[in-house]
Amino acid sequence: LGAGFQVAMEDLRLRGAGNILGEAQSGNIARVGLDLFLGMLEEEVAKLKGEGGVVKTDPELSIGFAANIPEDFVADSSQRLKYYKALSSVDSDVAEAEVLAEIRDLFGALPEELENFAAVMSLKRLLSSLQVKGAELGAGRVCLEFSEDAMAVDAAKLVQWVGARTDKAKLSPPAKLDLNLSSGLGPAQAMLEAGRQLEQLLSG
């Protein structure tokens with residue numbers, strides 16, 4: 001069941017969508033992009049089948065430090081866009097390291113801004129799994145706002161986790177978490193520290 005649909009979608013991927021994504025028939029697909037649309041469709045089909053899985057969010061980030069690919073490091077705008085997309089879409093630290101290795105081979109040592117961007121993307125993947133709706137990221141502090149229906153983090157576990165680090169973490173209603181980070185860290189190291197601490201909410 002469903003094999004015909006999979007064959008049709010593979011045919012669409014290989015030969016192109018023709019006018020299906022044209023203005024006359026695009027609907028909402030053109031706004032979100034074909035890849036994202038297919039991902040959303042796959043999630044909904046899994047829910048209907050009862051397979052569920054971990055529901056992830058797309059956190060909205062407010063970043064208080066430079067996190068980008070500098071123009072004087074990668075001068076060509078299409079290449080910058082390529083690596084922005086690659087770093088934003090990888091699903092693991094291993095895949096991210098491969099992209100960074102490619103950039104390093106082509107352009108040399110990574111500037112601080114790019115290392116910051118990579119660290120932010122790594123943290124964002126974790127925040128997505130934690131069902132965080134929005135986050136304010138700074139070198140010394142991270143403030144998270146969880147989705148109202150977040151189920152990835154058990155409330156009792158979160159309260160216990162905060163209680164074990166009262167000097168570093170604070171909960172605020174309705175669903176906000178403030179996390180103070182070690183002083184003296186650069187932005188990339190601060191994001192890595194935040195990730196190491198927050199991972200305990202998933203694995204602990």
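Buried means under 20% relative accessible area, exposed means over 50%, and partly exposed lies in between, with a 1.4 Å probe and protein chains only.

A word on the source. This is a predicted model, where local features need pLDDT of at least 70, side-chain atom pairs count only at pLDDT 80 or more, and totals for chains, interfaces and linings use all residues. Residues are numbered from 1 along each chain as its sequence is written, and side-chain values use heavy atoms, with hydrogens and water left out.

Now the overview. The protein chain has eight helices and five strands. These are DSSP runs numbered from the N terminus: helices are H or I with at least four residues, strands are E with at least two. Along the sequence, the pattern reads α-α-α-β-α-α-α-β-β-α-β-β-α. Of the 204 residues in the protein chain, 34% are buried. The chain exposes about 12700 Å², and carbon and sulfur atoms supply 53% of that. Those areas come from the Shrake-Rupley method with a 1.4 Å probe; for residues, only the protein chains shown count as cover. Next, contacts, meaning heavy atoms within 4.5 Å. Take the contacts between residues at least 6 apart in sequence: 59% of them join residues at least 24 apart.

On to the core. Which residues have the most contacts inside the largest nonpolar core? They are W161, L177, M191 and L198, in a core of 43 residues. A nonpolar core here is a set of buried Ala, Val, Leu, Ile, Met, Phe, Trp, Tyr and Cys residues joined through side-chain atoms within 4.5 Å. Elements giving two or more residues to this core include α4, α5 (93-107), α7 (155-163) and α8 (187-203). Strands β2 (132-137), β3 (141-146) and β5 (176-180) are on that list too. The largest share, nine residues, comes from α6.

Look at L177. Leaving aside neighbours within four places in sequence, L177 is in contact with residues including V142, L144, F146, W161 and L198.

Now zoom in on two helices. The axes of α4 (residues 77-89) and α6 (residues 112-129) come within 9 Å and cross at roughly 35°. Axes are lines fitted to C-alpha atoms, for helices over the stretch in contact, and angles run from 0 to 180 degrees between N-to-C directions. From α4, Y84, L87 and S88 meet L114, F117, M121 and R125 of α6. By class, that contact has five nonpolar, one polar and one charged residues. Nonpolar covers Ala, Val, Leu, Ile, Met, Phe, Trp, Tyr, Cys and Pro; charged covers Asp, Glu, Lys and Arg; the others, Gly among them, are polar.

Next, the rings. A pair of aromatic rings is described by the distance of the centres and the angle of the planes. Rings of Phe, Tyr and Trp (its six-membered ring) pair if their centres lie within 6.5 Å; planes under 30 degrees apart are stacked, over 60 edge-to-face, and the rest tilted. How many aromatic pairs are there by this rule? The count is three. Y83 and F107 have ring centres 6.3 Å apart and planes at 90°, so they are edge-to-face. Y83 sits in α4 and F107 in α5, so the pair ties together parts 24 residues apart in sequence. Y83 is buried, at 2% relative accessible area.

Then Y84 and F117. Their ring centres are 5.2 Å apart with planes at 80°, so this pair is edge-to-face. Y84 is in α4 and F117 in α6, so parts 33 residues apart in sequence are tied together. Y84 is partly exposed at 26%, while F117 is buried at 9%. Ring pairs also link F73, Y83 and F107 into a cluster.

Last stop, the loops. Q131 is in the loop between α6 and β2. Its phi is near 60°, a positive value in a residue other than glycine. Most residues other than glycine have a negative phi. Q131 counts as buried, at 8% relative accessibility.

L185 is in the loop between β5 and α8. L185 is partly exposed, at 31%. Not counting residues up to four places away in sequence, L185 touches A139, A190 and E193.
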